[in-house]
Amino acid sequence: MSRNGPLALIFHTLFVIFMVAPIVVVCLVAFTPEGFLSMPTHTLSLRWFRAIGRYPEFVNAFWMSIGLGALSSTLCLLIAVPASLALARHEFPGKAGLSAFLLSPLMIPHVVLGIAFLRFFTQAGLSGTFPALLIAHVIVIFPFALRLTLSSATGMDRALEQAAVSLGASDWTVFRRVTLPLIMPGLISGWALAFIQSFDEVTMSIFLAAPGIETLPVRMFLYIQDNIDPLVTSVSASVIAITLLALVALNRMFGLERVLTGHSDRSR
Amino acid sequence: MSAAASPPLAAARRIPWALIAPALALFLAVVIVPLAMTVLLSFHDWGQYKGIETVFILKNWQEIWSDSYFHEMFLRTLRIAGLATLITVVLGAPEAYILNRMRGTWKGLFLLIILGPLLISVVARTLGWALLFGGKNGVANIALMRLGLIDAPLPFMFTETGVVIALAHVLMPFMVLSVWAALQKLDPQIENAALALGARHVTVVRRIILPQIMPGLLSGGIIVFSLAASAFATPAIIGGRRLKVAATLAYDEFLNTLNWPLGAAVAVLLLIALVTIVVASNALIERRYAEVFR
């Protein structure tokens, strides 16, 4: 394999600076000792991280996002796993259309989904409630979970299941002892990706948010709309730090580009 | 199918439907019905005092069709999305190529750095650009002036330029990922053969690499364009309250003006425009590059 020339490396360096600059700036400003937006020049201070504790709306929104993310990705997997088993190993009329339909929330702009959900849940008398937000999140993150569970269900060796059946295992035992462990990597990465999608989602959630059921990105967005001060940078820096931790873990376990392109199967 | 041997055929045929039924039911009830309700809503009437009136009229569509405010807004949305896509192509494709030529450890590290932002909240990333752009003493302007590239600070905040740059940054990982995936299918031996036959490096890139990664480049372009055209948080924060795009206008109609029918019409039009563009360009690409996909 040929090496990159000096021009390529200069381009690469500038590109990386472009990609990390906004993230680094947020993290730097978060450590400012001043009472206004500024780069910390002499000393780093944690005052704005401590200040987060005094704003319960951010703390509550954070726990709301964590709970919503965990619950919605779990519910999502409960319906995505059977669906991916059906799509991966059965032939039936309309299969291709059905799988495109289940992946369609990827193609519909989140602002349109937000509006549609707001109208729907208002008519249903559920607007501004947690169940409405939960169902909406399950729909939006479903394609991400489906792609990963589908790819691991497709890549699975069916001979192992047949062996278990021939040895007299019941359907349920086969699923629990053979199928489930085999597709587990896809399930875990699907859950993780679904969780992150739910945790980051802002455009659709903002239509369904109400006082008391605001997610963290929604709270941050509404705060920024009013004014930008060091407090929101320290909140953002905390979110970035948590995401980076999750990212490194996800990368160690599965390989990031595999998770992002929807191929959970290692052999591919 | 292992289970097919035991239960009768009719029962076996029901298995996939039983497995997929929960997902299908949820999607019919909470995707199709709400979307249909939104389309219907766009034909309803609305007044400051009477609220939403459930009649069937073309008022909202006529307003969008005839008012130049909406024409400008949709043009701006498409212009911003097009320029952001262009930037991701011009910067993202070469970067994916350079990444692909790196050695193992470095490749993994930089892939993580470049794709990682995809998982960081878009609000946090856009906040970074707001800080970089911010006012006359924004870091971006200071850096550009120190480098001698500009004499006076450029206005980035509340301008299309700023929105385009921030959107290109937010969506860049999708382009790198897409071109990267296309590069993985490339046989390095073809490149080596061309070099061995005396082709210059520029020729190799233009004649060997580019045609083969074109499908990745185009599908990345479609993803970036449709996400940029429907982006909400980034244009709302960088563009401010006056520089409206389709998504932020629909949001305003819904949550500030409370004219839901008009907001629904804007959203439905955005959806139709995007689905048309995506489906048409997908069909075009698949026909043009059928042999590459095979």
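Leaving aside residues up to four places away in sequence, A:Asp200 touches A:Pro217, B:Ser121 and B:Val122; contact here means C-beta atoms, placed from the backbone, within 7 Å. Bear in mind that this is a predicted model, where local features need pLDDT of at least 70 and side-chain atom pairs count only at pLDDT 80 or more, while totals for chains, interfaces and linings use all residues. Residues are numbered from 1 along each chain as its sequence is written, with chains lettered from A and ligands numbered from 1 in the order in which they are written.

A:Asp200 sits in helix 8 (residues 171-200) of chain A; helices are DSSP runs of H or I with at least four residues, strands are E runs of at least two, and both are numbered from the N terminus. With 22 other C-beta atoms within 10 Å, A:Asp200 is buried (20 or more counts as buried, 12 or fewer as exposed, and in between as partly exposed, with C-beta atoms placed from the backbone). A:Gly69 is 131 residues away from A:Asp200 in sequence, yet their C-alpha atoms are 9.2 Å apart.

Now zoom out to where the chains meet: 72 residues of chain A are in contact with 70 of chain B. On chain A's side, helix 1 (residues 6-30) gives the most, with 14 residues.

As for chain B, it has 13 helices and two strands. Its C-alpha trace spans about 80 × 75 × 30 Å along the principal axes, and buried residues make up 43% of its 294 residues.

Definitions and conventions:
Two residues are in contact if their C-beta atoms, placed from the backbone, lie within 7 Å.
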